[in-house]
Amino acid sequence: MTSDPRLIPITQYFATRGWQPLTFQAETWAAYLDGRSGLVQVPTGSGKTYAAVMGAIAEMIATPPEGLQLLYITPLRALSRDIEQAIKAPIEAMGWGITVESRTGDTSSARKTKQLKNMPNILITTPESLAVMLSYKDGAKRFSNLQAVVLDEWHELMSSKRGTQAELCLGHLRSLQPTLRTWAISATLGNLEEAAQTAVGLSAEPVIIRSNLKRDTVIKSIRPESVDTFPWAGHLGLRMFETLVEALDIEKSTLIFTNTRNQAERWYQALNFALPEATDRIALHHGSIDVKEREAIEAGVKSGDIKWVVCTSSLDLGVDFQPVERVVQIGSAKNLARLLQRAGRSAHVPEGTSEVFFLPTNALELLEISAFRRGLELGDMETRRPQYKPYDVLVQHLVTLACGDGFEPQKTLENLRQTVAYTDLTNEEYQWILDFIENGGQCLGAYPRYKKVVREDGLFKISDAKLARIHRMGIGTITSNTPVKIVYTNRKEIGTVEESFVSRLKQGDVFFFAGRQLEYFQMKDMVLYVKGTRKKSTVTPTWGGGQLAISDTLSHHLRREVERVRALLSASANAVSLRPVAASASETRSPQSLAAETPSATPLFEGSRGGSQAIANDEILTIKPILEAQQRLSTLPSADELLVESCKTREGQHLYVFPFEGRFVHEGLGFLWGYRFAKQKTATFTISVNDYGFEILGPKGYPYQDLFSSDFFSLENLEDDIRASLNISELTQRKFRGVAQVAGLVFKGYPGSRKTSSQLQVSTSLLYEVFTKYEPDNLLLKQAEREVLQDQLETHRLAKTLSRLDQRSVVWKNTQRPSPLAFPLLVERLNSRMSNETLLERIQRMKEQWDRK
């Protein structure tokens with residue numbers, strides 16, 4: 001496998017470390033040296049970085065390199081430090097004379113300027129930093145020696161606009177260097193062929209290399225002593241912090257994953273309260289904490305000084321944490337790939353066993369974890385699709401090229417059509433975009449700042465040096481609420497929060513952030529100055545985009561799990577006992593035994609593979625009271641049934657529908673069905689959704705069942721009905737803010753004088769109104785609406801769901817009160833209401849009223 005003489009220095013280095021090249025590494029090196037491009041899919045922590053770079057390094061050793069030879073693109077700045085160290089280690093140990101540097105948003109201006117004049121042989125960078133490099137003149141000369149590009153964590157990049165940005169940059173680099181090789185590396189992906197083709201472009205045939213390494217993932221659930229018969233989202237959560245502390249060991253290095261930054265802040269507080277003697281060994285890590293503090297935490301984990309880290313997706317990706325022995329997932333990960341990625345943070349070595357403790361925030365999540373196990377056992381994984389023609393990214397990219405050496409329009413169009421994202425970009429669309437950046441389109445021609453490019457000698461070039469500077473500051477595709485820096489009065493930075501949170505605070509208010517109690521001192525120029533304080537507070541920042549929905553892959557297994565539980569309850573009713581399976585790693589355990597045991601794998605149900613009796617595990621036993629109450633008050637649906645419940649309360653007539661398809665699909669379904677009911681009998685409805693179903697609340701006595709028919713599953717006029725059922729213009733206007741930012745239509749301001757989000761909102765609102773009124777076919781407007789329909793409401797999944805539901809038999813149940821499945825939907829709606837009662841008090845009062853009945 002390693003017979004190529006150019007690989008001898010590589011195998012010599014591996015020998016000094018006592019390593020043998022793994023089969024997939026040798027295959028990747030051989031394919032690289034043969035001039036091929038492709039994708040490597042292996043488990044996290046299996047040596048994929050060396051698989052990706054050692055072929056290029058071998059080539060550099062054989063032919064002493066000049067200038068930039070290898071670009072290594074990573075989605076996170078935090079990863080660049082680890083990757084740089086990993087690549088430098090063999091080069092320095094063996095004295096190969098190859099230069100390696102990083103270039104990210106954290107790199108100093110002086111270093112960046114120096115790099116533009118004298119590029120290293122290997123450069124580790126992000127998509128944004130690569131785009132910025134392309135915006136400087138002499139790009140053709142700067143990249144003239146480039147041999148290869150590596151796309152790390154491609155599963156994270158590919159389906160986002162950052163992935164499209166990377167596609168566009170690579171397409172341009174291939175026009176400068178036609179023999180350029182591209183290698184994507186990824187740990188978790190379902191659609192390998194499409195992902196590989198997207199990475200290498202349509203002009204190459206990718207090689208796909210998989211490893212034969214087996215990485216076992218053992219999932220253990222930490223269950224509550226008892227459950228409420230009527231559960232709701234978050235009803236367990238922090239109540240179980242003492243149980244979690246008992247289950248873990250402060251001497252074992254552990255990453256504790258949450259799904260939101262707000263949740264991470266709260267769990268960090270709870271664990272510090274539970275272990276006051278270990279506060280210096282517990283840390284908090286999320287993307288809004290200052291980068292220097294995050295780096296210090298990562299160093300502390302590697303050195304062993306920090307044992308527990310409460311974190312979010314900021315530590316999902318490939319930062320190398322070999323000391324980590326355990327991973328905890330608080331609440332459902334909602335996605336098989338996400339759970340597998342997080343599990344891979346433990347035992348970060350080839351063929352290690354990943355161990356995940358699952359702590360539910362809602363008792364019904366124990367069903368989800370059974371679905372996770374089944375999905376992983378079958379090897380299922382979510383697919384991630386590349387973006388489809390995001391015009392805003394293309395507008396930004398073309399202006400970027402104009403800032404650099406300029407671009408020839410016809411040749412650039414040919415290059416664009418070699419990317420998956422823009423393969424069917426029409427001549428009309430391309431001409432519209434060219435006119436938009438050259439003349440401001442139909443509406444903005446009177447404003448010089450929108451006339452960004454001019455034609456010179458057949459090339460489009462930037463029209464003004466000031467516009468080039470402004471454009472470089474806006475390069476990137478990540479948009480969010482305007483961040484406000486949090487800084488101590490001594491000017492030490494702590495991190496950032498969203499302006500929408502700060503706007504609710506006043507001088508003297510106290511809040512928790514980054515594990516500290518902070519007092520609002522003053523706000524100036526988008527900087528919040530704070531002081532440390534001992535005053536008590538329960539206020540914790542919230543950030544946008546916090547809610548996750550279960551994936552289509554997980555929802556499939558969840559429906560199967562519900563059907564299996566239904567069969568078990570039926571068997572139980574026929575005198576088949578629901579006793580726990582003998583002790584095994586794939587079951588739920590008491591906290592004390594969890595802390596001590598070693599992993600071993602057993603099936604989810606004893607006897608489920610050919611045995612005469614299916615015996616439920618502890619997880620099903622734990623939530624048996626909930627499931628029995630559901631059967632008693634309504635029913636549990638089989639996989640070929642759709643459960644619909646209707647009940648009347650003082651609030652009105654409730655309709656509960658349970659497709660088990662995920663929050664985003666249910667949001668679209670709820671509004672669609674509400675619209676289709678209202679077309680037959682006018683009424684005002686309130687919609688609430690969760691991952692299991694949706695509620696439509698109408699006036700008392702509303703005849704849902706009489707009006708219901710198979711037309712509710714119809715795909716005819718689907719998008720028109722969705723537009724009519726929602727305030728689509730308001731949703732589109734909100735989405736347009738991000739599109740306008742990426743396309744460079746609004747300027748956030750120079751450093752130190754940033755615009756507030758309200759100022760940006762006014763700017764984009766004016767543009768939205770102008771385009772809507774005078775140019776309704778504006779491509780950026782169309783893109784904003786498409787993103788609402790496809791990304792926010794997942795209409796592609798919605799159409800599939802309607803077709804699937806049409807094949808199921810509808811089971812209609814009229815209940816006296818909301819069932820255990822319906823109750824969380826009722827709570828979702830209550831939680832959004834203003835009241836002088838706490839949510840818990842309102843829930844308790846309702847339950848007492850029902851019990852009296």
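In the predicted model, the protein chain contains 33 helices and 25 strands. Of the 853 residues in this chain, 58% count as buried. When contacts between residues at least 6 apart in sequence are considered, 75% of them join residues at least 24 apart.

Helix H3, which covers residues 48-62, consists of 15 residues and reaches 22 Å from its first C-alpha to its last, a span close to the 21 Å expected at 1.5 Å a residue. A kink of about 35° is present in H3 and is centred on methionine 54.

A bend of about 25° occurs in H28 at lysine 735. The buried residues of H28 are Ile728, Leu731, Thr732, Phe736, Gly738, Val739, Ala740, Gln741 and Val742. Helix H28 is followed by glycine 744, whose phi is positive, near 80°.

The packing of helices is illustrated by two pairs. Two packed helices are described by the angle between their axes and the distance between the axes. In the pair made by helix H17 (residues 409-416) and helix H18 (residues 427-439), the angle is about 125° and the axes lie 12 Å apart. Helix H17 is therefore oblique to H18, and H17 passes H18 in a right-handed crossing. On the H17 side, the contact is made by Pro409, Thr412, Leu413 and Leu416, whereas H18 contributes Asn427, Tyr430 and Leu434. Helix H18 also holds glutamate 438, which counts as buried because its relative accessibility is 18%, under the 20% cut-off. Leaving out residues up to four places away in sequence, glutamate 438 touches Lys451, Lys452, Val453, Arg455 and Phe460.

In the pair formed by helix H25 (residues 663-680) and helix H27 (residues 718-725), the axes come within 9 Å and cross at roughly 85°, so that H25 and H27 are roughly perpendicular to each other. Here Phe671, Leu672, Tyr675, Arg676 and Lys679 of H25 meet Leu718, Asp721, Ile722, Ala724 and Ser725 of H27. Leucine 672, placed in H25, is buried, with a relative accessible area of 0%. Apart from neighbours within four places in sequence, leucine 672 is in contact with Leu718, Asp721, Ile722 and Ser725, and also with Leu802. Although leucine 672 and alanine 724 are separated by 52 residues in sequence, their C-alpha atoms are 8.6 Å apart in space.

A further buried residue, phenylalanine 358, is placed in strand E13 (residues 354-359) and has a relative accessible area of 2%. Residues up to four places away in sequence aside, phenylalanine 358 touches Ile219, Lys220, Ser221 and Ile222, together with Gln329, Gly331 and Ser332, and with Glu365, Leu366 and Ile369. Phenylalanine 358 lies 25 residues from alanine 333 in sequence, and the C-alpha atoms of these two residues are 9.3 Å apart.

Positive phi values also occur in two residues other than glycine. Lysine 389, with phi near 45°, is found in the loop between helix H15 (365-377) and helix H16 (391-403). Phenylalanine 660, with a positive phi of about 55°, is found in the loop between strand E22 (652-658) and H25. Lysine 389 is buried, with a relative accessible area of 5%, and for phenylalanine 660, also buried, the relative accessible area is 5%.

Definitions and conventions
Residues numbered from 1 in each chain as written. Predicted model: local features only at pLDDT ≥ 70, side-chain atom pairs only at ≥ 80, totals over all residues. Heavy atoms only, no water. Helix = DSSP H or I, 4+ residues; strand = E, 2+ residues; numbered from the N terminus. Expected span 1.5 Å × (residues − 1). Bend = angle between axes of the 7 residues up to and from the residue. Axes fitted to C-alpha atoms, helices over the stretch in contact; angles between N-to-C directions. Parallel < 35°, antiparallel > 145°, perpendicular 65-115°, else oblique. Left-handed = near helix turned anticlockwise from the far one by under 90°. Contact = heavy atoms within 4.5 Å. Buried < 20%, exposed > 50% of the residue type's maximum accessible area, 1.4 Å probe, protein only.
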